[in-house]
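Dear colleague,

Please find the structure below, handed over for your study. The notes that follow it set out what was found.

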Amino acid sequence: LFLVYLQTRFKSLWRAAGLFLFLASVPGVVRSNICWWHPDSLALLMVVLTFFFLDRDRLRFGVNFILAAVACGLAIGIKVLGVFFFLAVPALLLAAWMRKKLTLRRGIGMAFLFLLVMSLTVVLTNPLLLTSQRSKIIETHLRQNYYATHGWENQDTYQTGLSAWFPYLQKWYGRPAFLLFALAALLLGCFF
């Protein structure tokens with residue numbers, strides 16, 4: 001629903017319903033929503049909420065900007081996904097500064113405020129980071145990152161690369177023609 005709102009603003013019932021039904025027909029989307037309690041699904045929800053709040057803020061850098069920092073911190077705390085916003089937020093601040101909606105001083109202040117709220121959210125939702133256990137937590141994250149990029153070393157072999165993931169993408173998101181269409185739509189959406 002958040003993604004449908006971001007695209008349609010619910011201005012047209014038919015467009016919103018059509019897009020919602022289309023997304024609901026994609027097995028990977030349904031699977032993520034059914035397993036909403038799984039960390040992957042919760043992390044994805046927090047990423048979408050970060051987008052939602054940044055969009056709602058409309059370069060005003062108010063409450064919605066702070067809520068985006070909280071959602072981003074939760075995405076980091078759950079599954080480290082919020083880290084990928086490290087370029088999005090500075091880009092928004094730069095865009096606001098270039099449009100004269102923000103002074104350089106206030107922009108720097110808002111960047112630090114976002115980082116502070118995001119970091120506090122990560123620490124408050126993961127209090128073990130404040131204990132001596134933090135080194136084990138960081139070690140576990142580094143090990144998982146290694147496995148995700150190099151594969152697991154046990155009988156449940158995990159292969160890396162697009163060729164290894166293509167069967168899963170096809171199973172959960174569609175045939176090659178649909179995936180190419182989605183990629184083309186993404187590229188067009190970036191420019192128009």
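A residue is called buried when its relative accessible area is under 20%, exposed when it is over 50%, and partly exposed in between, with a 1.4 Å probe and protein chains only. Please note that this is a predicted model, in which local features need pLDDT of at least 70 and side-chain atom pairs count only at pLDDT 80 or more, while totals for chains, interfaces and linings use all residues. Residues are numbered from 1 along each chain as its sequence is written, and side-chain values use heavy atoms, with hydrogens and water left out.

Asn64 has 14% relative accessibility and therefore counts as buried. Asn64 lies in helix 5; helices here are DSSP runs (H or I, at least four residues), numbered from the N terminus. Apart from its neighbours within four places in sequence, Asn64 is in contact (heavy atoms within 4.5 Å) with Phe53, Arg56 and Asp57.

Helix 4 covers residues 39-57. Among the buried residues of helix 4 are Phe52, Phe53, Leu54 and Asp57. The elements that cover the buried residues of helix 4 include helix 1 (2-8), helix 3 (27-34), helix 5 (63-79) and helix 6. After helix 4 comes Arg58, with a positive phi near 55 degrees.

Two helix pairs deserve attention. How do helix 6 (residues 88-98) and helix 7 (residues 104-125) pack, and at what angle? Their angle is about 160 degrees and their axes are 10 Å apart; axes are lines fitted to C-alpha atoms over the stretch in contact, and angles run from 0 to 180 degrees between N-to-C directions. Helix 6 is therefore roughly antiparallel to helix 7 (angles over 145 degrees count as roughly antiparallel, and 65 to 115 as roughly perpendicular). On the side of helix 6, Val89, Leu93 and Trp97 make the contact, and they meet Leu104, Gly107, Met110, Ala111 and Phe114 of helix 7.

Helix 9 (residues 162-173) and helix 10 (residues 176-191) pack at about 90 degrees, with axes 9 Å apart. These two helices are therefore roughly perpendicular to each other. Phe166, Leu169, Gln170 and Tyr173 of helix 9 meet Pro176, Phe178 and Leu179 of helix 10.

Yours sincerely

Definitions and conventions: Angles under 35 degrees count as roughly parallel, over 145 as roughly antiparallel, 65 to 115 as roughly perpendicular and the rest as oblique. The expected span of a helix is 1.5 Å times one less than its number of residues.
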